[in-house]
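Me: I would like to learn how to read some features of a model. Please give the general idea each time, and then the case at hand.

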Amino acid sequence: MTVTTPVTSPRPAPEYTLLHYGIHYYDTAGLRLRRHGLTLSRVGTSWQLDRGDGRGCRVEAPESDQVPHELRRLVRAYSRDLELTPVTGPCCGRLTRDALPGDTARATVLGYLETQIEALARADLAVRLGEPEGVHDLRAAARRLRAALWTFAPVLGGRRMVRGLCAALLRLAASVGPAWDTEVQRRRFLRRLDELSDEAVLGPVRADVQRHFGVAAEESAAECAEALDSHRYLQLLNAFEVLGVVLREQPRSDQRKAALKPAGAVLPGLVWTVVTETDARLEAAFADSAPSAVHAVRKSAKRLRYALEVAADSLPFVPDRVLANCRAVQDLLGEYRDATVARGELRALASAATEAGDPAATYELLITTEALAAQKCLAALPAAWETLRRGLEPMRG
């Protein structure tokens, strides 16, 4: 049995602990933890994982040279299930990979991918430690990676090369996403209830909402944990490592012309393809305001934002205002989706209340509220998109 305790301050200085506390350090043979700024150590029966930012956790376990399973699971995104054995000395700072020379399109995209792979690993650890934003950050990193791979495939080697990675990232996001969606909906429902007068809240609504989302949270947390502990997830992380090596070491003669060109000559044009895709999906959504059509717009808008992030230094304009306008469009689409999902949850709660003999009037009132919220978002969307679209025009060339 192990006991985990969060810690927010590091142990004493390494020189002192080495001399007086008999501290032992653990890592993989290739020092994978050290390369990412992590330190795993043991003093007697006390094991500690330091994240390099003053945070971490402590585990009490029987004195042994075998790293406790709980800690091995925490660092899985870094260790890749390789054996953790005693090593000499503590982490002396994060080891960084040399940047690719020049400002080529491939160097820019690869740098972004490596940043997001690191973000994915940090979020993985945060999820396993139960930190509130961990699932959101992990899903966001997965989406950023997928968007960058698909949008900028021409500078990486083509969509055939990245198709498998994109599919795996989509599965990962689908597996961990419900945990965050459940929390978002729970907060939304409780906020909506707080906005109502006491007279409008009929029956055991608050208790039913907490119970409903408590069950959903347990189920989604289990699904998320299963995904992160799966062999498929480990294969995904290793595939990204292989891709990075291949892209870095590929001879220039074997690279596509687009990969070798300056980022400013290639990336804005690839971003523009996402603009035209979003345009087309918006037109379809305005013609048919079905939730599925609006959701397709939301996916394109997300991909556009992430594409703009990748190409930020190569765009023919200062990206800050455009990115802010892009987030405004995303916020409207996100609010629309949340309102649409909430209506489905409310209908289920109303049906359960009726079967239990409780009043469903509060749920019916909230369904109307969410329908109005969704309509308001759709009404504001054309103007928000037009503002964003004008700012993107310089990329058209």
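Reply: Start with a backbone angle: helix H5 is followed by Gly 130, whose phi is positive, near 75°. Helices (H or I, at least four residues) and strands (E, at least two) are DSSP runs, numbered from the N terminus. The model is predicted, with local features needing pLDDT of at least 70 and side-chain atom pairs pLDDT 80 or more, while totals for chains, interfaces and linings use all residues. Residues are numbered from 1 along each chain as its sequence is written, and side-chain values use heavy atoms, with hydrogens and water left out.

Me: Which residues other than glycine have a positive phi?

Reply: Arg 80 is one, with phi near 55°. Asp 81 also has a positive phi, about 70°. Arg 80 lies in the loop between helix H4 (76-79) and strand E6 (85-87), and Asp 81 is in that loop as well.

Me: Is Arg 80 buried or exposed?

Reply: The term buried means under 20% relative accessible area, exposed means over 50%, and partly exposed is in between (1.4 Å probe, protein chains only). Arg 80 has 12% relative accessibility, so Arg 80 counts as buried. Asp 81 has 47%, so Asp 81 counts as partly exposed. For the chain, 46% of the 397 residues count as buried.

Me: How do I check the span of helix H5?

Reply: The expected span of a helix is 1.5 Å times one less than its number of residues. H5 (residues 105-128) has 24 residues and should span 34 Å, and its end C-alpha atoms are 35 Å apart, which agrees. Helix H9 (residues 205-228) also has 24 residues. H9 reaches 34 Å from its first C-alpha to its last, close to the 34 Å expected.

Me: How many residues of H5 are buried, and which residues of H9 are buried?

Reply: An α-helix has 3.6 residues a turn, so residues three or four places apart point the same way. H5 is mostly covered, with 18 of its 24 residues buried. In H9 the buried residues are Val 205, Asp 208, Val 209, Phe 213, Ser 220, Cys 224, Ala 227 and Leu 228.

Me: What does Ala 126 touch?

Reply: Contact means heavy atoms within 4.5 Å. Ala 126 lies in H5 and, not counting residues up to four places away in sequence, touches Glu 131 and Gly 134. Ala 126 counts as buried because its relative accessibility is 7%. Ala 126 and Gly 56 are 70 residues apart in sequence, yet 9.8 Å apart in space, C-alpha to C-alpha. Across the chain, among contacts between residues at least 6 apart in sequence, 73% join residues at least 24 apart.

Me: Which residues are in contact with Cys 326, leaving aside its neighbours within four places in sequence?

Reply: They are Ala 301, Leu 304, Arg 305, Leu 308 and Leu 388. Cys 326 is in helix H14 (residues 319-355) and, at 1% relative accessibility, counts as buried. Ser 300 in helix H13 (residues 291-310) is buried too, with a relative accessible area of 0%. Not counting residues up to four places away in sequence, Ser 300 touches Val 274, Glu 277, Thr 278 and Arg 281.

Me: Now the strands: how many bridges join strand E2 to E3?

Reply: Two strands pair if DSSP finds at least two bridges between them. E2 (residues 24-27) and E3 run antiparallel and are joined by three bridges, with His 24 opposite Arg 42. E3 and strand E4 (residues 46-50) pair antiparallel over five bridges, and Leu 40 stands opposite Leu 49. E4 and strand E5 (residues 56-60) also pair antiparallel over five bridges; here Ser 46 has Glu 60 as its bridge partner.

Me: Which residue in the turn between E3 and E4 has a positive phi?

Reply: Gly 44, at about 65°, in a hairpin with two residues between E3 and E4. The hairpin of E4 and E5 has five residues between the strands, and Gly 52 in that turn has a positive phi of about 85°.

Me: Why is E3 largely enclosed by the rest of the structure?

Reply: In a regular strand the side chains alternate between the two faces of the sheet. Four of the five residues of E3 (residues 39-43) are buried, so E3 is largely enclosed by the rest of the structure.
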